[in-house]
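Please keep the sequence and the structure in view while reading.

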Amino acid sequence: MSTVLVTGANGFVNLNIVRRLAQKGARVVALARRPPDPETVRFLAAETAQVVWVEGDVRDRAGLIELARTYGVDCIVHGAAITPSREVERAQAATVVDVNLGGTLNALEAAREVGARRFVLISSTGVYGAPANPHRRLAEDEPLQVSNLYTICKIAGENLSRRYDELYEGSFVVGRLGSAYGPMERASHSRETMSMIYEFAHRALAGDHVRIWGAERLRDFCYIEDVAEAFARLALADRLRWTIYNAATDRFVTVRDALETLVRLCPGFGWSEAADREAADVAVLPSQERAPLDLSRLQEDVGFAPIHDLASGLRAYLAWLRAGWAHI
């Protein structure tokens with residue numbers, strides 16, 4: 001049985017990865033700065049025996065190494081990060097870098113010190129930026145774009161992981177995560193801005209009417225259960241041939257597609273196009289456009305393909321919200 005340390009385990013994406021790893025039989029050491037709240041405990045009710053919660057901070061290198069040694073960790077999935085708004089960047093730039101880049105270095109050091117067989121960094125498709133050609137899927141060797149502290153730290157973290165892979169035994173890999181949505185997305189200390197799908201889904205359930213600017217822009221919406229499966233496979237695979245993997249969606253989807261799907265799934269919900277950005281309830285900027293990804297590496301190495309298309313993912317998310325989770 002593999003013992004996997006997941007950092008930032010209270011976070012939306014990381015929590016779903018914790019659950020998927022546990023479902024696959026792994027023992028999971030879930031590291032977070034705060035203990036799990038009642039909603040998290042409820043979400044992981046069936047996996048309780050497989051998950052050990054530990055309070056800690058990825059900025060504490062010695063503590064991270066000791067934790068990995070104590071629990072006999074043989075794999076680290078590093079997802080702890082701050083997803084800052086521009087205002088948070090301006091107010092706490094050093095903290096963002098300390099957590100997002102310094103934390104990555106510390107997690108890499110923990111993996112090296114304990115001789116972990118696998119290290120998986122959760123990166124972002126934000127490193128690709130808006131696509132120059134929106135009509136083709138992006139492969140892992142595309143040029144990268146630096147746009148803010150978050151992408152600066154992700155790109156630097158990817159380069160650190162690649163270098164550790166060259167220098168040390170073990171397998172140090174990166175998964176580039178798309179625009180995930182689904183169960184357990186919620187505001188937190190490290191995540192203040194919710195995804196478009198989160199906002200659309202909650203407003204759809206409320207029967208609101210939403211004004212949108214930029215409805216034709218492409219987005220890489222991916223259902224969280226697919227994302228969790230992709231990262232769990234990267235963590236548990238016996239052998240991986242690459243150091244960088246796309247882990248999102250390979251389907252061409254626009255914001256309009258998501259809205260029209262929600263109209264069909266939620267009677268009473270409606271939307272219209274705003275004349276300009278200032279008149280919109282939700283404005284999708286050109287810089288926020290994201291292309292679908294080439295998933296060939298993930299398919300060939302771990303046999304992964306997304307199960308959910310946009311309609312089935314939104315249907316599953318709405319069903320989860322309606323089943324007593326709409327307050328999340």
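## Terms and basis of the model

The expected span of a helix is 1.5 Å times one less than its number of residues. Helices (H or I, at least four residues) and strands (E, at least two) are runs assigned by DSSP and numbered from the N terminus.

The model is predicted, so local features need pLDDT of at least 70 and side-chain atom pairs count only at pLDDT 80 or more, whereas totals for chains, interfaces and linings use all residues. Residues are numbered from 1 along each chain as its sequence is written, and side-chain values use heavy atoms, with hydrogens and water left out.

## Helix 1

Helix 1 covers residues 12-23, and its 12 residues should span 16 Å at 1.5 Å a residue. The C-alpha atoms at its ends are 17 Å apart, which agrees with that expectation.

How many residues of helix 1 are buried? The helix is mostly covered, with 10 of its 12 residues buried; here buried means under 20% relative accessible area, exposed means over 50%, and partly exposed lies in between (1.4 Å probe, protein chains only). Among the buried residues are Phe12, Leu15, Ile17 and Arg19. After helix 1 comes Gly25, which has a positive phi near 100°.

Thr40 belongs to helix 2 (residues 38-43). Its relative accessibility is 1%, and therefore Thr40 counts as buried. Leaving aside neighbours within four places in sequence, Thr40 is in contact (heavy atoms within 4.5 Å) with Asn10, Leu15, Trp53, Met184 and Arg186.

One of these partners, Met184, is placed in the loop between strand 7 (179-181) and helix 6 (196-205). Met184 also counts as buried, because its relative accessibility is 2%. Most residues other than glycine have a negative phi. Met184, although it is not a glycine, has a positive phi of about 80°.

Ser195 is found in the loop between strand 7 and helix 6. With 15% relative accessibility, Ser195 counts as buried. Not counting residues up to four places away in sequence, Ser195 touches Ala180, Tyr181 and Glu185.

Asp208 lies in the loop between helix 6 and strand 8 (209-213). Is Asp208 buried or partly exposed? Asp208 is partly exposed, because its relative accessible area is 29%. Asp208 and Gly268 are 60 residues apart in sequence, and their C-alpha atoms are 7.3 Å apart in space. Asp208 touches Gly268, and also Arg203, Phe269 and Gly270, when residues up to four places away in sequence are not counted.

## Val54 in strand 3

Val54 lies in strand 3 (residues 51-55) and is buried, with a relative accessible area of 17%. Which residues does Val54 touch, not counting residues up to four places away in sequence? They are Val29, Ala30, Leu31, Ala32, Leu67 and Tyr71. Val54 and Tyr128 are 74 residues apart in sequence and 34 Å apart in space, taken from C-alpha to C-alpha.

The axes of helix 3 (residues 61-70) and helix 4 (residues 86-114) come within 9 Å and cross at roughly 40°. Axes are lines fitted to C-alpha atoms, for helices over the stretch in contact, and angles run from 0 to 180 degrees between N-to-C directions. Helix 3 is therefore oblique to helix 4; angles under 35 degrees count as roughly parallel, over 145 as roughly antiparallel, 65 to 115 as roughly perpendicular and the rest as oblique.

The axes of helix 8 (residues 255-265) and helix 10 (residues 310-325) come within 10 Å and cross at roughly 50°. These two helices are therefore oblique to each other. Their contact includes Thr261 and Leu265 of helix 8 and Leu314 and Arg322 of helix 10. By class, the contact of helix 8 with helix 10 has seven nonpolar, one polar and three charged residues; Ala, Val, Leu, Ile, Met, Phe, Trp, Tyr, Cys and Pro count as nonpolar, Asp, Glu, Lys and Arg as charged, and the others, Gly among them, as polar.

## Helix 5 and its cover

Helix 5 (residues 149-167) has 19 residues and reaches 27 Å from its first C-alpha to its last, close to the 27 Å expected at 1.5 Å a residue. Its buried residues include Leu149, Tyr150, Cys153, Ile155 and Tyr164. Among the elements that cover the buried residues of helix 5 are helix 4, strand 5 (118-124), strand 6 (171-177) and strand 10 (244-247).
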